[in-house]
Amino acid sequence: MRAYKLGLNWMFLAVLALLAIPSLALAQQEPNSQQGSAQPATQPAPAQQAATPAPAAMPARDVHQESHLGKLTGHSESGRKLYFRFCWGCHGFRGDGNGENAPYLNILPRNFVAATFKCRSTPTGTLPTDEDLYNSLGRGLNNSNMPSWISLTDQQRADMVAFIKTFSPRWQTEKSGDPINVPAEPALTLQSIKHGQELFQKLECWKCHGQEGRGDGPSASTLTDSNDQPIRPYNFAAGSRFKCGVSNRDLYKIFLTGVDGTPMPSFGDVVKPEEAWDLVHYLRTLQVRQKSPELTLWMSTPEGAAIVSAQRISGTPTGSGINQ
Amino acid sequence: MTLSVPVRRGFSSITSSIAFAALLAALMVADSPSAGAIPAFARKYGMPCSACHEAWPKLNNFGQTFKDNGYQLGNDRDAPIFQQPAYWPIALRITPHWHRESTSATDITNPATTDPVTGLPATTEGQLTTHGFDLTGMDMLTAGTLAKNISFLLVPSADETGAFHFESASVRFDNLLHTPWLNVKVGKFELDNIVSEKRILTLSGQGGFYQGYHFQPVTEDTSLFTFGIGDNQLGAELSGHSRNDYTRYSVALLSSNDGNVDLPNGHGYDTFLTFSQAFQAGSLGLQRVGAFAYVGRAPTYHTLVAGDSALGDGFGQKSFTRAGFFGLWYYKKLDFTTMYIHGSDSAFLGTNTPSYMDLPLGARKPTWNVGTIETHYTWNPQLILINRYELVRMSQQALPGLPGNLGDVDVLTFGYRYYPFISSRAGFAFHNEYSILRQRGVSPINGVDVTSSSLFLGFDFIF
């Protein structure tokens with residue numbers, strides 16, 4: 001009996017060793033050597049499987065950053081763990097937007113090293129506020145692969161904001177820009193919409209966005225972003241949400257701060273605040289499938305009703321959710 | 001090692017045999033892998049497993065939100081039209097493994113031996129140990145969106161012999177009336193269990209399922225009545241959740257057949273309700289508490305199919321209930337899952353009495369309580385240590401003469417899963433686990449306590 005038990009124990013050890021060896025061998029693989037290696041979006045899949053990032057190899061390890069959001073203080077040390085759970089697949093181990101999934105995305109992930117951010121409340125070219133980054137995390141970026149992280153806790157998102165700020169030296173040498181002033185929205189009037197329509201022509205918004213706001217203006221096919229990737233102007237007719245928010249206030253900010261890293265400039269030095277609101281009101285009427293007070297008012301006029309009717313296109317649903 | 005014991009067969013030993021057989025059957029079912037992790041999603045969205053799973057296959061709140069949104073991230077890029085035409089949302093999971101199963105008191109009668117008094121084979125009860133290389137069942141998971149706000153899940157599943165069945169097959173309509181509070185799912189699906197048995201982190205024969213989700217008193221004939229909250233059910237579910245998924249509810253109307261197709265016992269419906277609420281606890285992270293209840297009916301007798309030994313349709317439905325509450329508690333790298341379940345069956349079900357007959361003298365509804373505490377230590381996304389203790393205590397036997405602790409269960413499970421790599425293309429885990437179970441008074445011959453243990457070493461992969 002004793003010999004039997006001894007034999008069984010030896011067998012256990014042998015089996016355990018047999019099963020453990022392959023795992024240990026896998027664990028000994030070199031960390032992914034493709035860190036930071038940018039591949040164009042048209043390249044085939046990288047042959048080498050990525051390993052989980054080795055924290056010790058990270059350049060941002062010694063940099064400490066905080067984020068401040070009301071009573072919340074985010075810490076980069078905590079955000080680091082979250083980043084390497086949730087974000088690195090797209091944004092990469094080094095935050096340079098070259099994650100293992102980046103070659104397959106037609107809107108490349110944000111390059112945190114460059115610290116150029118689309119959604120800001122600050123003037124073009126400046127760093128965003130912590131709140132801007134925090135809001136982007138919670139909202140996600142529509143029509144991109146960036147989801148909403150609202151299911152994380154407030155503290156977790158604050159920590160992630162702090163960690164994102166460790167990737168670029170800009171955060172150590174520059175302060176965030178001052179948020180632009182957004183005046184109270186004036187009352188919606190037909191004159192405001194019509195003036196916005198005139199501004200749409202005068203500022204040549206149509207060159208990119210098209211006369212109907214479908215993102216098909218004469219310049220649309222030539223546009224590229226800061227990664228030299230083709231980029232399509234926003235299609236107002238198809239979208240219900242903007243990349244940087246859903247409200248009129250968000251649209252106002254997009255217009256006056258620009259969308260850095262894209263051809264969409266800031267119009268902060270070109271138009272007056274009240275004119276910007278007029279443009280906001282008009283742009284809402286281009287969202288011909290999206291109920292809004294602006295659209296309702298616009299359609300109450302024969303001119304507006306005729307334009308909207310002509311802009312609406314009926315077809316067979318594709319299941320995409322885009323109804324034009 | 002064998003043990004010679006005198007023959008003693010009575011009510012308790014017979015029912016114990018039935019219960020033990022049922023337990024083994026449950027273990028066999030549970031031994032098939034869970035239907036939870038779907039790298040097809042990771043490939044579609046390019047996210048690593050760790051984005052949606054605390055440790056694959058257990059979901060974190062982001063993964064739960066994604067699931068509750070109908071497998072959509074909600075960025076207007078979820079519909080198939082946005083995918084490469086070659087993209088095929090399918091994943092396969094199986095776990096080659098070595099395992100050792102040992103049971104302390106089982107019928108190991110050798111037909112060649114005879115009892116000198118009766119001349120019949122001498123019944124013998126003793127320890128039975130088996131071990132060797134093996135396979136789990138295989139899940140073929142295909143899921144995703146058919147269109148914006150219309151999603152599906154289809155899981156053809158095979159047991160370890162290759163016999164197929166449909167583990168899940170459902171279509172889901174999300175964000176009805178443009179609100180996440182209204183979603184409808186129809187088909188065969190996992191009940192809305194936040195403590196999910198389909199995403200369980202344990203795989204062994206004894207520890208690979210939640211006792212509380214499957215327990216039935218030893219006096220019940222599980223060939224007539226089998227039920228498990230952990231079993232996928234057929235029906236329709238209305239569910240809803242807040243944008244961040246902190247608040248969730250679901251109500252399901254289910255056929256009274258424990259998920260079996262072709263309408264066996266097709267004479268009634270069950271109901272399952274659940275609600276949970278998550279809350280932020282500062283740096284501790286997200287905590288969640290919730291409750292659930294299942295009210296069902298099951299047949300007490302069946303028609304017999306002429307010329308066939310199989311049971312026909314079930315009649316004489318009587319009720320049963322399961323209700324409980326749970327909590328998911330996080331403290332830095334440590335988290336605890338706690339769960340309490342109260343179970344109750346009709347006295348007819350508890351004593352295997354057809355509804356047209358009188359109950360045995362003193363018969364009453366069996367009731368029991370289940371407690372579960374599961375602890376995880378997530379060292380990092382690559383390594384998780386697992387421990388679980390479950391106990392089942394009968395609070396009332398169906399018949400007054402039975403020992404109060406007959407059928408009580410204690411199960412201790414511990415192990416770890418190590419993920420050598422984390423990617424957005426496939427999942428792979430080295431899984432080590434040991435589990436030991438003790439059930440009171442259920443040995444098939446002597447009615448003594450049975451202790452069973454499982455050692456499981458395997459490679460769990462999905463791609």
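**Exercise 1.** How far apart do the C-alpha centres of domain 1 of chain A and domain 2 of chain A lie? Work out what their contact looks like, too.

*Solution.* Keep in mind that we're working with a predicted model.
- Start with the bounds: domain 1 of chain A covers 66–173, and domain 2 covers 190–311.
- Next, the spacing: the two C-alpha centres are 27 Å apart.
- Now the contact itself, to which domain 1 of chain A brings 15 residues and domain 2 of chain A brings 17 residues.
- Finally, sort the domain 1 side of chain A that touches domain 2: you get 5 nonpolar, 7 polar and 3 charged residues.

**Exercise 2.** Describe the side of chain A that touches chain B.

- Count the partners: 36 residues of chain A meet 40 residues of chain B, with contact set at C-beta atoms within 7 Å.
- Look for elements of chain A giving two or more residues to this side, and you find α1 (2–27), α2 (76–86), α3 (88–91) and α5 (154–164).
- Pick the top contributor: α1(A) gives the most, with 6 residues.

**Exercise 3.** Sketch the overall make-up of chain A.

*Solution.* Take the elements, then the packing.
- Tally the elements of chain A: 12 helices and 2 strands.
- Read their order from the N terminus: α-β-β-α-α-α-α-α-α-α-α-α-α-α.
- Check burial: of the 324 residues in chain A, 41% are buried.
- Last, take the chain A contacts between residues at least 6 apart in sequence; 62% of them link residues at least 24 apart.

Definitions and conventions: Residues numbered from 1 in each chain as written. Chains lettered and ligands numbered in written order. Predicted model: local features only at pLDDT ≥ 70, side-chain atom pairs only at ≥ 80, totals over all residues. Contact = placed C-beta atoms within 7 Å. Helix = DSSP H or I, 4+ residues; strand = E, 2+ residues; numbered from the N terminus. Domains from an automatic or database assignment. Nonpolar A, V, L, I, M, F, W, Y, C, P; charged D, E, K, R; others polar. Buried ≥ 20, exposed ≤ 12 C-beta atoms within 10 Å, placed from the backbone.
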